[in-house]
Amino acid sequence: MNDFHLAQVNVGRILAPLDSPQLADFVAQLPGINALADRAPGFVWRLVDGEGADSTSLRPENDDDLLLINCSVWESVEALREYTYRSDHLKVLARRREWFERLADFHLALWWVPAGHRPTVSEAMERIALIREGGEGPEAFTLRAPHPPPSGVPTA
Amino acid sequence: MSSEDAALEALAVLGDPVRRGLYRHVSGSPGEVGRDAAAEAAGISRSLAAFHLDKLVEAGLLEVSFRRLSGRSGPGAGRPAKLYRRAEGERTVSMPPRTYDTAGRLLAEVVEQAGLDGELQAAARAAGEAGGAASDEGSDPVEILRARGFEPFWDGGTLRLHNCPFHALADQFPALVCGMNLAGIEGLLAGLTGGQDWTAEMDPLPRGCCVALRAAEGEN
């Protein structure tokens, strides 16, 4: 078993409120796509809000009512890649611009966490800040250019 | 040897029509192909097929693995069969030199950055529809997809596509390029007289094109 797992955070600004007709298809597909993640090979954990179904009620930035966050942990880069691009999740991904604004800056980040660690919203947002400030690196990277897990035993 | 010379040498091996037929048969098959099946498909003897298949392996166009087809193992199970599949690498030659892949990558990068997924899908749908309406390959979606390099095969009632013609770009920009491809295929079906009863959707397998098609009752 790996000592480190891959954490993923992704923020997206929806084009209209979640209860609007424009977002209806997205909201309708969310339970299925989350269930697919939960049973995907290599899935470890995903961030959920108080009600426990998904993270759509969380707002990572206080003054932004339309900014959603999605954060999860996977056993490997390959597991996350398979789910993201080689499952029904791709159906939703290909329609992202019908529901989400294009963000000019980095809107996602990956980083390695000790196995068992569950990232918090603020921790995840720090990784986005990190990649926005310094670009891709071992502390915050993307699927396009993944970094290997740290060598040695986690200290956290 | 330059990469162009290497590609030319590999491709020269395909100059022989029998060999080319074998390559296409193996390449378009979703699984691995044995010598007997390849020989039968090409209408030649097993030993001639073996000769040509091994030439294709030498050229790096096919890869080999060994497996017992009977499912038996241990003493008396016989020698494992030699099985062939398409090699992974891509080979491109253009005379004179053209690098449309570089342009494609840059264009995709900019379209992605600009968030123009919807516009790209609309263009792909329109191009697919126009291409379907003007197709020289008849009106059967299976044959048209074959002619366009998708290598279609039936998986029960589902038509799957063994080859992704946009592989490297789809790998780098999956949401953008797979969305474009689906829209293009949907447009193609809309433009074909024989495509009206078909539906296409994303249903990715571990390899190949992410789009799967289904025909209305009675088409298969």
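Biologist: At roughly what angle do the axes of helix α3 and helix α4 of chain B cross?

Modeller: In this predicted model, helix α3 of chain B spans residues 35-42 and helix α4 of chain B spans residues 46-58. Their axes come within 8 Å and cross at roughly 105°. Because angles of 65 to 115 degrees count as roughly perpendicular, α3(B) is described as roughly perpendicular to α4(B).

Biologist: How do the residues of the contact of α3(B) with α4(B) divide by class?

Modeller: From α3(B), the residues B:R35, B:D36, B:A38, B:A39 and B:A42 take part. They meet B:R46, B:A49, B:A50 and B:L53 of α4(B). By class, this contact has 3 charged residues, no polar and 6 nonpolar.

Biologist: Is α2(B) roughly perpendicular or oblique to α3(B)?

Modeller: Helix α2 of chain B covers residues 17-27, and its axis comes within 9 Å of that of α3(B). The two axes cross at roughly 120°. Since the roughly perpendicular range is 65 to 115 degrees, α2(B) is classed relative to α3(B) as oblique.

Biologist: Which residues of α3(B) meet α2(B)?

Modeller: The crossing of α2(B) with α3(B) is right-handed. On the α2(B) side, the contact involves B:V18, B:G21, B:L22, B:H25 and B:V26. The contact comprises 6 nonpolar, 2 polar and no charged residues. The residues of α3(B) that take part are B:A38, B:A41 and B:A42.

Biologist: How many charged residues are on the side of chain A that touches chain B?

Modeller: Between the chains, 12 residues of chain A contact 13 residues of chain B. On the chain A side, α3 (89-93) and α4 (96-99) are the elements giving two or more residues. That side has 4 nonpolar residues and 1 polar residue, and its charged residues number 7.

Terms used. Residues are numbered from 1 along each chain as its sequence is written. Chains are lettered from A and ligands numbered from 1 in the order in which they are written. This is a predicted model: local features need pLDDT of at least 70, side-chain atom pairs count only at pLDDT 80 or more; totals for chains, interfaces and linings use all residues. Axes are lines fitted to C-alpha atoms, for helices over the stretch in contact, and angles run from 0 to 180 degrees between N-to-C directions. Helices (H or I, at least four residues) and strands (E, at least two) are DSSP runs, numbered from the N terminus. Angles under 35 degrees count as roughly parallel, over 145 as roughly antiparallel, 65 to 115 as roughly perpendicular and the rest as oblique. Two residues are in contact if their C-beta atoms, placed from the backbone, lie within 7 Å. Ala, Val, Leu, Ile, Met, Phe, Trp, Tyr, Cys and Pro count as nonpolar, Asp, Glu, Lys and Arg as charged, and the others, Gly among them, as polar. A crossing is left-handed if the near helix is turned anticlockwise from the far one by less than a right angle, and right-handed if clockwise.
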